[in-house]
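This report looks at one structure in parts, beginning with a single residue and moving on to a chain and its interface. Please keep the sequence and the model in view while reading.

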Amino acid sequence: MQINVNNKPLTTNATSLAQLAAELALPEKGVAVAIGNKMVPRSLWDETALSEDMHITIIKAACGG
Amino acid sequence: MNNKLIIAGREFNSRLFLGTGKFSNNDLMARAIEASGTEMVTVAMKRIELDDATDDLLTHITKNPAIQLLPNTSGVRNAEEAVFAAQMAREAFGTNWLKLEIHPDPRYLLPDSVETLKATEELVKLGFIVLPYCQADPTLCKHLEEAGAATVMPLAAPIGTNKGLRMKDFLQIIIEQATVPVVVDAGIGAPSHAAEAMEMGADCCLVNTAIAVAGDPVRMADAFRQAVIAGRMAYEAGLGAVGNTAEASSPLTAFLNS
């Protein structure tokens with residue numbers, strides 16, 4: 001299906017957030033994921049289903065003061 | 001006196017917080033963090049690039065297990081976005097500690113007082129330890145305290161300007177009135193500025209640009225470490241009074257004439 005990750009279109013075979021994380025090789029720590037404007041805790045990634053055109057934000061640490 | 005800095009029940013051995021922006025590379029940043037002696041280091045967030053999942057920034061920052069990571073909300077424009085960013089930070093970094101910064105204006109990066117207060121109220125209810133970056137406004141700082149902020153972090157001058165304690169008179173009032181630690185944040189451009197803030201009784205200084213853009217950031221971090229220690233020591237020792245007329249420090253008996 002076609003989804004949107006960090007404002008870029010992405011075609012994925014994943015059907016859950018956990019599968020997407022595996023597909024993108026997200027690290028075990030240091031990242032957070034949101035669908036729309038709602039953060040989804042890692043503990044819920046397995047049961048969170050992806051759907052067509054879903055907007056997903058993935059963040060990590062950056063340098064800053 | 002000679003008290004250690006305590007924020008939200010946690011004791012810190014250093015009164016210098018470090019920001020991690022603007023260093024030319026991560027190794028230099030890590031060495032500056034070490035040289036500064038800091039135990040509180042800020043970190044921002046960014047969207048990952050899908051073709052670059054590598055990230056060793058956190059390992060550079062948290063080499064010393066005593067270091068408390070302080071995620072910031074830089075980039076948010078209002079309280080609602082700040083709460084979202086805070087939740088993302090808590091999830092990503094596994095900490096409730098948060099440097100709340102809401103500055104919608106990119107030219108001066110001045111914090112939005114109304115949104116900062118609103119976000120502080122909300123984030124405290126959500127269990128965050130909130131350290132708000134704020135205007136050097138004594139009344140606002142009292143409101144932030146009442147809302148449950150763990151510290152107040154008034155600016156000395158706009159972020160990254162290196163101008164020093166332009167808000168000195170107001171910082172002094174904030175220091176006098178605060179019942180939570182006062183962290184002087186933003187605008188500190190030289191170790192002498194940090195020492196001055198500490199001599200005034202500030203509990204802590206947050207420094208980023210002045211160290212990161214120095215000719216030798218590691219030596220500058222050490223210079224700030226010493227300045228903060230010296231400033232605090234002077235405050236605890238009690239500075240002499242300032243006078244308008246001369247007070248002799250040598251005996252004035254005219255020995256040549258006696």
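## Surroundings of one cysteine

Leaving aside its neighbours within four places in sequence, Cys134(B) is in contact with Pro111(B), Ser113(B), Thr116(B), Leu140(B), Cys141(B), Leu144(B), Val152(B), Met153(B) and Pro154(B), where contact requires that the C-beta atoms of two residues, placed from the backbone, lie within 7 Å. The residue belongs to strand β7 of chain B, which covers residues 129-134; strands here are DSSP runs of E with at least two residues, helices are runs of H or I with at least four residues, and both are numbered from the N terminus.

Cys134(B) counts as buried because 29 other C-beta atoms lie within 10 Å, the classes being buried at 20 or more such atoms within 10 Å of the residue's own C-beta, exposed at 12 or fewer, and partly exposed in between, again with C-beta atoms placed from the backbone. Between the C-alpha atoms of Cys134(B) and Leu256(B), which are 122 residues apart along the chain, the separation is 59 Å.

## Basis of the model

The model is predicted, so that local features need pLDDT of at least 70 and side-chain atom pairs count only at pLDDT 80 or more, whereas totals for chains, interfaces and linings use all residues. Residues are numbered from 1 along each chain as its sequence is written, while chains are lettered from A and ligands numbered from 1 in the order in which they are written.

## Chain A

Chain A contains 1 helix and 5 strands, arranged along the sequence as β-β-α-β-β-β. Of its 65 residues, 25% are buried, and among contacts between residues at least 6 apart in sequence, 64% join residues at least 24 apart. The C-alpha trace of this chain spans about 40 × 25 × 20 Å along its principal axes.

## Where chain A meets chain B

In the interface, 24 residues of chain A are in contact with 25 residues of chain B. On the chain A side, the elements that give two or more residues are β2 (8-11), β3 (31-35) and β5 (55-62), and β5(A) provides the largest share, with 6 residues. The residues on this side divide into 16 nonpolar, 6 polar and 2 charged, with Ala, Val, Leu, Ile, Met, Phe, Trp, Tyr, Cys and Pro counted as nonpolar, Asp, Glu, Lys and Arg as charged, and the others, Gly among them, as polar.

Strand β5(A) is also joined by 4 bridges to β4 of chain B (residues 40-47), and the two strands run antiparallel. Within β4(B), Met45(B) is the bridge partner of Ala61(A); strands pair if DSSP finds at least two bridges between them.
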